[in-house]
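Please read this briefing alongside the sequence and the coordinates.

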Amino acid sequence: MSWKLEDIPDLSGKVMIVTGANSGLGFETAKELSRKGAKVVMVCRNPEKANAAMQKIQAEAPGADLDAMHLNLASQKSVADFTDQFKQKYNRLDVLVNNAGIMAAPYSETVDGFENHFATNYLGHFALTGRLLDLLEATPGARVVSVSSLAYFFGNKIDFDNLYYKNKKGYGRWRAYGRSKMEMLLFAYEMQRRLKHTGKSTISLAAHPGIAQTNIMPAQANNAFTKGFLKFVASFLKPTIYGAMPLIRAATDETVRGGEYFGPSKGRMPDVVKSNKASHNLDTAKKLWEASESLTGLHYLD
């Protein structure tokens, strides 16, 4: 039987974080989770857009319990500041949805000196998860959902000698995006292995939206022609809610098992899907984890 939005259980009393919740997949995910009673913390880089999105959800889902908080995933300091603030406000965390990201953007370096896709899509989420793990572990049935993409296959080979394209070496927009999404998938699988090995109760899952409308593509376009082309392509894609459904199922389905990967299947409904051999490479996952610990100075699940 296909999983549907109507299958989301009552989420009253649960606290859930969705990164990048002001638009696209994050917005739809936050809306559906709050519609079912969850307290949803909408984590966004732009406070004005976050507040506007929160008001829109409350207009569509009266009674939605939402909180907008600022976080710039491209900054390790911002990640640390956010987690400190979150822990001052909340004493539990049922679900962390690592969704925020950029796509095929021009080369740029973050304040920490990392390439922007690597820092925003992956490394920021690695640090965010680690800094919130104690709160997740203190919450029965907690889970982490990390969002990948069909474009992960662009990142089949991770060059650990050039992990974040320093000085633009070897940089390509789609290569950088795809590799960051492969890193998210490697992270989700490796985290589940480490959670199980260390006897933790939290579980790690992954999800991808398939080919669905989001605002991420037009947002990354840097000229009128590209923006127009991407909007034209988007007109043929599935509505955003169908892309969000694998995320929502991974975040709420009480039958899921740690390490599962969700994506659209027949009839647009979300189901467990497979990923390629490279995403299951144990040596690559271990090296990526250790490199991430070194770059962030944050060690967990060792």
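This is a predicted model: local features need pLDDT of at least 70, side-chain atom pairs count only at pLDDT 80 or more; totals for chains, interfaces and linings use all residues.

**Aromatic core and overall fold**

Y122 is buried, since its relative accessible area of 1% falls under the 20% limit for that class. Of the 302 residues in the chain, 57% are buried, and the chain is built from nine helices and eight strands.

**Aromatic pairs and cluster**

- The structure contains 18 aromatic pairs, and one of them joins F118 and Y122, whose ring centres are 5.9 Å apart with planes at 50°, so that the pair is classed as tilted.
- A single aromatic cluster brings together F114, F118, Y122, F126, Y164, F187, W289 and Y300.

**Chain dimensions and contacts**

- The radius of gyration of the chain is 18 Å, which agrees with the value near 19 Å that a compact globule of 302 residues would have.
- Along the principal axes, the C-alpha trace extends over about 50 × 50 × 40 Å.
- When contacts between residues at least 6 apart in sequence are considered, 76% of them link residues that are at least 24 apart.

**Surface**

- The chain exposes about 13,300 Å², and carbon and sulfur atoms account for 51% of that area.
- A nonpolar surface patch is formed by L150, F153, F154, W174 and I211, which together have about 500 Å² of accessible area.
- W174, one of the residues in this patch, is located in helix 5, which runs over residues 173-197.
- The relative accessibility of W174 is 42%, and W174 is therefore counted as partly exposed, given that this class lies between the 20% limit for buried and the 50% limit for exposed residues.

- K31 is part of helix 1, which comprises residues 24-35.
- With a relative accessible area of 9%, K31 is classed as buried, because that class takes in values under 20%.
- If neighbours within four places in sequence are set aside, K31 makes contact with I57 and E60.

**Positive phi angles in one loop**

- N167 is located in the loop that connects strand 5 (143-147) with helix 5, and its phi is near 60°, which is a positive value in a residue other than glycine.
- The relative accessible area of N167 is 63%, so N167 is exposed.
- K168 is likewise placed in the loop between strand 5 and helix 5, and K168 has a positive phi of about 70° although it is not a glycine.
- K168 is exposed as well, because its relative accessible area is 51% and the class begins over 50%.

Note on methods: Residues are numbered from 1 along each chain as its sequence is written. Side-chain values use heavy atoms; hydrogens and water are left out. Patches are made of residues with over 30% relative accessible area and no salt bridge: like charges are joined within 9 Å, nonpolar side chains (Val, Leu, Ile, Met, Phe, Trp, Tyr) within 5 Å. Accessible areas come from the Shrake-Rupley method with a 1.4 Å probe; for residues, only the protein chains shown count as cover. A salt bridge is a side-chain nitrogen of Lys or Arg within 4 Å of a carboxyl oxygen of Asp or Glu. Helices (H or I, at least four residues) and strands (E, at least two) are DSSP runs, numbered from the N terminus. Buried means under 20% relative accessible area, exposed over 50%, partly exposed in between (1.4 Å probe, protein chains only). Rings of Phe, Tyr and Trp (its six-membered ring) pair if their centres lie within 6.5 Å; planes under 30 degrees apart count as stacked, over 60 as edge-to-face and the rest as tilted. The radius of gyration is taken over C-alpha atoms; the globule rule is 2.2 Å times the number of residues to the power 0.38. Contact means heavy atoms within 4.5 Å.
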